[in-house]
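Please review the following briefing on side-chain pairing, strand order and helix packing alongside the coordinates.

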Amino acid sequence: MKVLVCGAHGFIGRHVVDALQAAGHAVVRGMSRPSSADDVAMDFSRDVSPADWLPRLQGVEVVVNAVGVLRDTRRRPMQAVHVEAPRALFEACTRTAVRRLIHVSALGIDGNPTLYARTKREGENAALACHAPGRLAVAVLRPSIVFGPGGESSALFLNLARLPWLPLPRPALQTRVQPVHVRELALAVARLADADLALNGRLDCAGPEPVSLAGFIASLRMQLGHRPPGMLGLPHWLTRLSAQVGDRIPLTPWGSEALALLTQDNVGDPGAMTQLLGRSPTRYGELLALGRP
C-alpha cells in the first residue's frame, strides 16, 4: 500500500518509515525539509487547511502522523502542530481514498493541565472524529516513554545512567513509566497499516511492566555493566530552577512542560502492543539490547 508518513524525519517517524518499507509498503516521506525528489514538503505550523493536504493524499491509502513538539515556540506553536494542522490533514483524509489513519499521541495526558497535554488531547479527538466504519479506520497510538536510537530523551537518560549518583527531580523517584522501544513501536505502526487488522480507537503502546523513571534510568546503568546508582532527589526549588534553565536551552527536552508531565504516571495496558507484535513487548531491563541511542 502507499503510505504517507508525516514527520518522517523525526525520531519516531524515521523508524516508522524503515518498518513500513521492510513490510513492503510504498512510503512517501512527509517532512519540512525534503531530502529527495520523492519526499513531500509539509509544514505543520502553516498547513492548517484541508486544501493544503488534498494534493498530497492522491493515491495514498494509509496516513501516519508522527509529528509532535515538546516546546511551544513562535516557529512551531503547539496549537498549530498538535491541533490545527492535524485537524486539516484528518479532514482531507475523509475526502480522499485514505482507508487508514494512524495518529501518534502520548500516554499520561489525561487530566494534565499543560499545553502539551491539552493540545495532544485535542489532536486525538480530531482524529477519532473522522472514524467512519467501512470507510476510514482511525487508530490513536498512546506510547509511554519511547526509547531508542535518535531520541533526545533517550540520550539524556543514557547520559544520566553513566553517573554513579543520579540527581533527579523528586517526582522522577515515584512517577511510573512503561518504556517501549522505538523499533517495536514502529513495527506496531507497520502492522496497523495492514488492512486485515481491525484495531482502532485509542491504543496504549506500553512495555509489559511499570517502573519509576528513576528505576528505569538505574536499569539502563546496569545494562551498561555498572553497579546500581545512588539516588539523589533534588530539592523542589532546585528542580524548578533546572526546569526554568531548560526552558532557555532549546537543545534539551527538559523544561517546565516536562516537569509538569512528571507529576502523573505514564502507564497503560500492554495488551495492544502484545497483539500487534504477536508477543510481549521487550521489558525495560532489556531495551539496550535492541539498540542504543
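Glu286 is partly exposed at 41% relative accessibility, where buried means under 20% relative accessible area, exposed over 50% and partly exposed in between, using a 1.4 Å probe and protein chains only. Its salt-bridge partner is Arg283, with the closest N and O atoms 4.0 Å apart; a salt bridge requires a side-chain nitrogen of Lys or Arg within 4 Å of a carboxyl oxygen of Asp or Glu. Arg283 is likewise partly exposed, with a relative accessible area of 36%.

The model is predicted: local features need pLDDT of at least 70 and side-chain atom pairs count only at pLDDT 80 or more, whereas totals for chains, interfaces and linings use all residues. Residues are numbered from 1 along each chain as its sequence is written, and side-chain values use heavy atoms, with hydrogens and water left out.

**Salt bridges**

- Salt bridges that share partners join Asp110, Glu124, Arg142 and Arg202 into one network.
- By the stated rule, the count comes to twelve salt bridges.
- Helices (H or I, at least four residues) and strands (E, at least two) are DSSP runs numbered from the N terminus.
- Arg279 counts as partly exposed at 39% relative accessibility, while Glu184 counts as buried at 4%.

**The open sheet**

- Seven strands form an open sheet in the order β3-β2-β1-β4-β5-β6-β11, with parallel pairing; two strands pair if DSSP finds at least two bridges between them.
- Its edge strands are β3 and β11 (201-205), each of which pairs on one side only.
- Strand β1 (residues 2-6) runs parallel to strand β2 (residues 26-31) over five bridges, and Cys6 stands opposite Gly30 in β2.
- Together, β1, α1 and β2 make a right-handed β-α-β unit; right-handed here means that, with the strands pointing away from the viewer, the path from the first strand over the helix to the second runs clockwise.
- Two bridges join β2 in parallel to strand β3 (residues 40-41), where Ala41 stands opposite Met31.
- Five bridges connect β5 and β6 in the parallel sense; Leu101 has Val138 in β6 as its bridge partner.

**Helices packed on the sheet**

- α6 packs on the sheet and touches β4, β5, β6 and β11, its direction making about 170 degrees with that of β6. Axes are lines fitted to C-alpha atoms, for helices over the stretch in contact, and angles run from 0 to 180 degrees between N-to-C directions.
- Helix α3 (residues 78-94) lies across β1, β4 (62-65) and β5, and runs at about 170 degrees to β4.

- In helix α5 (residues 152-161), the buried residues are Ser154, Phe157, Leu158, Leu160 and Ala161. Viewed down the axis of α5, these residues fall within an arc of 160 degrees, so they line one face of the helix; the arc is that of the directions from the helix axis to the C-beta atoms.
- The cover over the buried residues of α5 includes α1 (11-22), β7 (146-147), β8 (165-169) and α7 (213-223), with contact meaning heavy atoms within 4.5 Å.
- α7 is mostly covered, as eight of its eleven residues are buried, among them Leu213, Phe216, Ile217 and Arg221.
- The buried residues of α7 pack against β7, α5, β8, β9 (176-177), β12 (211-212) and β13 (230-234).
- Gly225 follows α7 and has a positive phi near 95 degrees.

**The loop at His9**

- His9 lies in the loop between β1 and α1 and is partly exposed, with a relative accessible area of 40%.
- Leaving aside neighbours within four places in sequence, His9 is in contact with Arg14, Met31 and Ser32.
- The C-alpha atoms of His9 and Ser35 are separated by 9.6 Å, the two residues being 26 residues apart along the chain.
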